[in-house]
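Have the model open beside you as you read.

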Amino acid sequence: MQAGKPILYSYFRSSCSWRVRIALALKGIDYETVPINLIKDGGQQLAIIEYLEETRPTPRLLPQDPKKRASVRMISDLIAGGIQPLQNLSVLKQVEEKFQLTWAQNAIISGFNALEQILQSTAGTYCVGDEVTMADLCLVPQVANAERFKVDCTPYPTISSINKRLLVLEAFQVTHPCRQPDTPTELRA
Amino acid sequence: MQAGKPILYSYFRSSCSWRVRIALALKGIDYETVPINLIKDGGQQFSKDFQALNPMKQVPALKIDGITIHQSNLSVLKQVEEKFQLTWAQNAIISGFNALEQILQSTAGTYCVGDEVTMADLCLVPQVANAERFKVDCTPYPTISSINKRLLVLEAFQVTHPCRQPDTPTELRA
């Protein structure tokens, strides 16, 4: 293992950055933040999270049972690969301004419709069973995005209740966009 | 393990379906294909039967060991005005390939990562096929191109090619 703390290049508001911060917090990994003001798409951070899982296995973010693991990956992929990239800023910029909100809302709504259905069969206390997993790391930032884009979450009671339970956990609080080194004063908690 | 072959819901041309086909072929897993045409009948992935199987209404979906697993497949292009679709697709591929070519400088051996075929290679080949389909010039991507070439001669990448699927239209068959 290399000496020196891991360095996280992070943007306070990016849901992708937030997912990785949560993973680091859950694993008790101390790190340095280098704030960047670039918004990247959802692809790379699942690779980061899986690397953390394989090299620092406790606490687990993926269940031991392969089928439950598949459910976690499927949900994570749905959010990180199926919803977030459609509503991230670099895609939105390419959409005419007056259509941007609707575009983002549609991406989130169609994703949440599917997710709510999937969670019916996988959820316990959290997305998959009763332990926090990678799926939960993806859920909370995505619900924050939904709120930001004014998506009505009443049709998604499972998503909403899981989100509420996760938000009281320390790892999700200390990593919140409102408490980052680069959070602007007006948005600080 | 459940008796009976795994069932893959696949569209011959979908790069996401192709990736899964390659994985199944590399692992020597025999499976049944149920073709889902993403365009016919307004898109067969929207039929009630398929929706019950995959709420995201996307291919591929794999029924295996008593569970159904599906993967994301972004369907953005339809939402873009037709005259912009080609440019949109090309831009997405070009910016992605710019990044990928750079990453491969440090990871590649014979294949994307070292000298063994990995999941990254399963993703690469269908994506290069998409690049060709959208007329993206791949000259700026010599690493991507050479890895792709090496992979295409492997059996798993050949037998799973879109031109050889049960649902490949006659005019596109190899």
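In which sense do β1(B) and strand β3 (residues 61-64) of chain B pair, and over how many bridges? The pairing of β1(B) with β3(B) is antiparallel and runs over 3 bridges. Two strands count as paired here if DSSP finds at least two bridges between them, and the elements themselves are DSSP runs numbered from the N terminus, with helices (H or I) needing at least four residues and strands (E) at least two.

Before going further, some housekeeping. This is a predicted model, in which local features need pLDDT of at least 70 and side-chain atom pairs count only at pLDDT 80 or more, while totals for chains, interfaces and linings use all residues. Residues are numbered from 1 along each chain as its sequence is written, chains are lettered from A and ligands numbered from 1 in the order in which they are written, and side-chain values use heavy atoms, with hydrogens and water left out.

Back to that pair of strands. They belong to an open sheet of 4 strands in chain B, with mixed pairing and the order β2-β1-β3-β4. The edges are β2 and β4 (67-70) of chain B, each of which pairs on one side only. On average, neighbouring strands in this sheet are turned by 20 degrees against each other, direction ignored. Axes here are lines fitted to C-alpha atoms (for helices over the stretch in contact), and angles run from 0 to 180 degrees between N-to-C directions.

Zoom in on Tyr9(B) and you'll find Ala61(B) of β3(B) standing opposite. Helix α1(B) packs on the sheet, touching β1 and β3 of chain B, and its direction makes about 155 degrees with that of β1(B). Contact means heavy atoms within 4.5 Å.

Now pick out Ser17(B), which sits in helix α1 of chain B. Is Ser17(B) buried or exposed? It's buried, with a relative accessible area of 0%; the cut-offs are under 20% for buried, over 50% for exposed and partly exposed in between (1.4 Å probe, protein chains only). Leaving aside residues up to four places away in sequence, Ser17(B) touches Tyr9(B), Ser10(B), Tyr11(B), Val59(B) and Pro60(B).

What about charged pairs? There are 5 salt bridges over all chains, taking a salt bridge as a side-chain nitrogen of Lys or Arg within 4 Å of a carboxyl oxygen of Asp or Glu. In chain B, Lys5(B) and Asp30(B) form one, with the closest N and O atoms 3.7 Å apart. Lys5(B) is in the segment before β1 (7-10) of chain B and Asp30(B) in the loop between α1 (15-26) and β2 (32-35) of chain B, so the pair links distant parts of the chain, 25 residues apart. Lys5(B) is partly exposed at 46%, whereas Asp30(B) counts as exposed at 53%.Over in chain A, Asp30(A) and Lys5(A) also meet in a salt bridge (3.7 Å, N to O). Arg73(A) forms another with Glu50(A), at 3.0 Å between the closest N and O atoms. Arg73(A) lies in helix α3 (residues 66-87) of chain A and Glu50(A) in helix α2 (residues 43-55) of chain A, so this bridge ties together parts that are 23 residues apart in sequence.

Finally, how far does the predictor trust all this? Chain B averages a pLDDT of 87, and 93% of its residues score at least 70, pLDDT being the predictor's confidence in each residue, from 0 to 100. The complex gets an ipTM of 0.76 and a pTM of 0.84.
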